[in-house]
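Here's a quick tour of the model below. Have the viewer open as you read.

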There are 2 protein chains.
Amino acid sequence: MDIDQFPKSVEIFEVGPRDGLQPEPVFVPTEKKIELVDRLTDAGCPRIEVTSFVHPKWVPQMADAKEVIAGIRQKPGVVYSALIPNLRGLELAIAAGLSEVVTIMSTSESHNMKNLNMTRQQSLEQVREINRVARENGVRVRSYIATVFGCPIEGAMDPQIALDTALRLEEYGSYEISLGDTTGMANPISAYRIPKMIREKLTKARLAVHYHKYHGMEFANNLASLEAGITIFDGAAGGLGGCPYAPGAKGNCQTEILVEMFHRMGIQTGIDEEKIRETGAFAQTLSTLLHQKCQ
Amino acid sequence: MDIDQFPKSVEIFEVGPRDGLQPEPVFVPTEKKIELVDRLTDAGCPRIEVTSFVHPKWVPQMADAKEVIAGIRQKPGVVYSALIPNLRGLELAIAAGLSEVVTIMSTSESHNMKNLNMTRQQSLEQVREINRVARENGVRVRSYIATVFGCPIEGAMDPQIALDTALRLEEYGSYEISLGDTTGMANPISAYRIPKMIREKLTKARLAVHYHKYHGMEFANNLASLEAGITIFDGAAGGLGGCPYAPGAKGNCQTEILVEMFHRMGIQTGIDEEKIRETGAFAQTLSTLLHQKCQ
């Protein structure tokens, strides 16, 4: 461990309101979603994934995307973003006044098909188009790559696929790429090697990591990625997330503990520890998934 | 992260039956304790802290120490040990046929006094005497140093105290020293620096780490200590532990997840993943503390 090489500060990308709440089977009232985002803003979160412009037929939980964005207090300097599945979603996000959108695709062909109902090639072309239109509108694109550290359907994944995908996304203009451990299959060695290898090949895009919960192992994974030179970490307040249909899918890495870990290490996040802890506790009150099984 | 320097295998020291169950406010039936130890044996745990020979007035939960040791199946090659507070405890442990005993003292004077009702100097003298008598009886002594990474009463602790204590314990004959993060106050930097510094100074004694739960951060701490060259890790099946009187005190690091983390990293433990998972689930059924609050 090369402590002297650790950064003085890292950036937390908060995904609770979107990735965290999206799988919730019970609709979370719009005003509660707005309150969650406002609390995250007040806690000092620099970047918040607020909602998703996916068709309500597919994700009814996010049917109030427009109302949520209209309802939140947008603090200058804080970046509010939304997941978009296609150009139609991008149009809605632009109309809502967002300056950043988020795309997603998998390293795994079968997961991509199951999750997005299209091939990886189709997803890549989609992200290219999204980047083109986003650029014309002054909107930045953040792109997730899912199942980088393993796929619940295909098992172990070749890191070369994640690398190739990242290079394509960078080429298309995504300014930031987030490597997703979609179902908590990473370990500290893969969480070190894969981000390091990809980071060394990227020339423009920033690289983030996105670990899901695995009984606490996600903190070891985040530490390993920090050691690999990563400085952008995704988390969800309260550890929100999971999947009602896939027993293996877990919540996201708990933002308030990630923040505390970095702070204990003397690495700043700009987030208020007490406020994010309160926000995490509030976030947990919105979830039914988290209460299905105590870990 | 120097992956090439990682060991091919590590040793897990299982503390569930003792450190894990000791704080339980409801008496766990003797046969359940025996079943827990037998399951741990069957899962392949190489070393198990079975019980404690503390006066039942202080720890009524461990009043059946003799019966538990008499009742368990002792598999050849597996080391079964008990915590002992003094020479009387050692005599009982020897009479019960144990080949290893465990002592404990704190780096913090006030925690030592509160926990053991004696000064650190008195504790050191006690461990010296225990080592002397144990040696005469062919019994090995493992010594915990508690509050190494912070004390719930005194706050931050000078690592020099832990080092001085470890050197004294080594001098007195303790063959292994375990650095305890008693209330989950470590972070990956202290979990790297302190064990590394102490390990470099010890000439005979082996060094272990003992992290308590802190919402998952304990796995980052164990990883950091692995990177510091530590190869002996304490854990409790099911994450048993905590303290009914101290809301800040958490359970122990969950053995089954620690085992899985190492296995995912290609580091062997000799423990069967599925059996230790089942044993962890069984252990949790014995606990009331774990169910008081979902994390």
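Helices (H or I, at least four residues) and strands (E, at least two) are DSSP runs, numbered from the N terminus. Keep in mind that this is a predicted model, where local features need pLDDT of at least 70 and side-chain atom pairs count only at pLDDT 80 or more, while totals for chains, interfaces and linings use all residues. Residues are numbered from 1 along each chain as its sequence is written, and chains are lettered from A, with ligands numbered from 1, in the order in which they are written.

Let's begin with A:T147, which sits in the loop between β5 (140–146) and α7 (159–172) of chain A. Over in chain B, B:H215 is found in the loop between β7 (206–211) and α9 (217–227). Neither is a glycine, yet each has a positive phi. For burial, count the other C-beta atoms (placed from the backbone) within 10 Å of a residue's own: 20 or more makes it buried, 12 or fewer exposed, and anything in between partly exposed.

| Residue | Phi | C-beta neighbours inside 10 Å | Class |
|---|---|---|---|
| A:T147 | about 55 degrees | 27 neighbours | buried |
| B:H215 | about 60 degrees | 19 neighbours | partly exposed |

Helix α2 (residues 30–43) of chain A has 14 residues and reaches 20 Å from its first C-alpha to its last. That is close to the 20 Å expected at 1.5 Å a residue, the expected span being 1.5 Å times one less than the number of residues. Its buried residues are A:K33, A:I34, A:L36, A:V37, A:L40 and A:A43. What covers them? The cover includes β1 (11–14), α1 (16–20), β2 (47–52), α3 (65–71) and α11 (273–285) of chain A. Just after α2(A) comes A:G44, with a positive phi of about 100 degrees.

Now for β2(A): 6 of its 6 residues are buried, so the strand is largely enclosed by the rest of the structure. Two strands pair if DSSP finds at least two bridges between them. β2(A) pairs in the parallel sense with β1(A) over 2 bridges, and also in the parallel sense with strand β3 (residues 79–83) of chain A over 5 bridges.

**The core**

A nonpolar core is a set of buried Ala, Val, Leu, Ile, Met, Phe, Trp, Tyr and Cys residues joined through C-beta atoms within 7 Å. The largest one has 174 residues, and A:A82 and B:A82 have the most contacts inside it. Two residues are in contact if their C-beta atoms, placed from the backbone, lie within 7 Å. Leaving out residues up to four places away in sequence, A:A82 touches A:V50, A:T51, A:S52 and A:F53, among others.

**How the chains meet**

In this model, 22 residues of chain A are in contact with 22 residues of chain B. On chain A's side, the elements giving two or more residues are α9 (217–227) and α10 (255–264), and α9(A) supplies the largest share, 7 residues. By class, that side has 14 nonpolar, 5 polar and 3 charged residues. Here Ala, Val, Leu, Ile, Met, Phe, Trp, Tyr, Cys and Pro count as nonpolar, Asp, Glu, Lys and Arg as charged, and the others, Gly among them, as polar.

A rotation of 180 degrees with 0.0 Å of shift along its axis superposes chain A on chain B (RMSD 0.0 Å).

Notes: Copies are superposed by least squares on the C-alpha atoms of residues with pLDDT of at least 70 in both.
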